[in-house]
Amino acid sequence: MWDASKCDFCGDCLVKCRNVDYDKERAASEIKLLIEGKTADILDSCITCNACVDYCPTGADPANLIVMMQEKTMTGPIAINYKSIVDILVQGLEDDIGDSELLEGAPDKPVLSFDSFHFNQFPEGTLDSKLFKGMTVARGNKYMSLVGAVHMGGESLARKYGQKVIDRLAKLGKDIVYLHNEGYTLAHVKAKELDINVPFKYLHLFEYLRDYLKSNESEITKLNRKVAYQPNCAVRWFHKQDDWLDEIFELIGVKRASREYEGVNALCCSAPVILTDKELAMEIQKNNMEDIIDSGAEALVTICPVCDAVLRRPTTQFNLNKIFITDLCRMALGEIPWPES
Ligand code: SF4
Ligand code: SF4
């Protein structure tokens, strides 16, 4: 969450931003304008990649300031383009309506939260996998993480409706496993910032997968593969998930390829601008694919269904395997084969 008291106007956030070409003075003046509640050029240029959360040396969270101001001033192609969708989401949250599903599982198993996604946005067979067998499954608007709304000019949704979503999950009376890391971000990061009470135990998908694999190590056949990883932008709010991923890779015999666009330098998948600036989206995708090929990776591993969908076309075009993280674990467990090239 934006913390003005931590900002010393060093300008690092917007000097390092890949989407603008500011010097330190210009960068600092953009931040000053936003703090004063005024519009600024960055609101038009920001693609909501979240990278400046990492670029800021003081932890002031400039990305949050920017997305707050995009929504407040309705400035920038992202906020304008997605306004009608945010309005529909808000109406659904206000009126408790919208498309949602709850599939009851075994009483002793946790809930698997699909956030607002549809089942078919995850790989075929996910729910039948031994990884998740018997779990209660919740999906749809009632259980949406809300934090991803920053990519649509809806920064305030987590603040306004976060407690409502958490309360619905709490009513299920079980531990929650978040299949999408933005749900985990709401419970673990935004809840603390926004004073939201989370009265249940929750796990990130990577924690759950790591624990499952550790408990079933005898069933694993090491894959002996080298992969590149496409983090989704929620990793900027919580980096520990990257350590959990490394533990998963170690357990299943996967090596993470060394890339230029890795960690702090990771590229956005391009989803926020796919409708508003197609040329920029194509350029980001091309840079990403070429970097993966240069790294010698045999596949790209994804965690987010949005990144996964957006990267379907470029991975096909560049003849790269793309594997969702749950499928990668299923391969090591012998449930599905490594994809043909
Ligand atoms: S969120 Fe990304 S695009 Fe927006 S200002 Fe920060 S680094 Fe630049
Ligand atoms: S938000 Fe952080 S990086 Fe940006 S000007 Fe302030 S202190 Fe510097």
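**Ligand sites and helix packing**

Ligand 1 sits in the second largest pocket, a pocket being an open set of points on a 1 Å grid over the protein atoms alone, with protein on both sides within 12 Å along at least five of seven lines; a molecule sits in a pocket or cavity if more than half of its atoms lie within 2 Å of its grid points. The model is predicted, with local features requiring pLDDT of at least 70 and side-chain atom pairs pLDDT 80 or more, whereas totals for chains, interfaces and linings use all residues. Residues are numbered from 1 along each chain as its sequence is written, and ligands from 1 in the order in which they are written.

The residues around ligand 1 (a heavy atom within 4 Å) include Cys17, Cys46, Cys49 and Cys52, together with Asn19 and Asn50. This shell comprises nine nonpolar, two polar and no charged residues (Ala, Val, Leu, Ile, Met, Phe, Trp, Tyr, Cys and Pro count as nonpolar, Asp, Glu, Lys and Arg as charged, and the others, Gly among them, as polar).

Helices H7 (residues 83-95) and H8 (residues 156-171) pack at about 30°, with axes 11 Å apart. H7 and H8 are therefore roughly parallel (angles under 35 degrees). For H11 (residues 240-252) and H15 (residues 325-332), the axes come within 10 Å and cross at roughly 25°; this pair is therefore also roughly parallel.

Note on methods
Heavy atoms only, no water. 1 Å grid on protein atoms, 1.4 Å probe; cavity = no way out; pocket = protein on both sides within 12 Å on 5 of 7 lines; lining within 4 Å. Axes fitted to C-alpha atoms, helices over the stretch in contact; angles between N-to-C directions. Helix = DSSP H or I, 4+ residues; strand = E, 2+ residues; numbered from the N terminus. Parallel < 35°, antiparallel > 145°, perpendicular 65-115°, else oblique.
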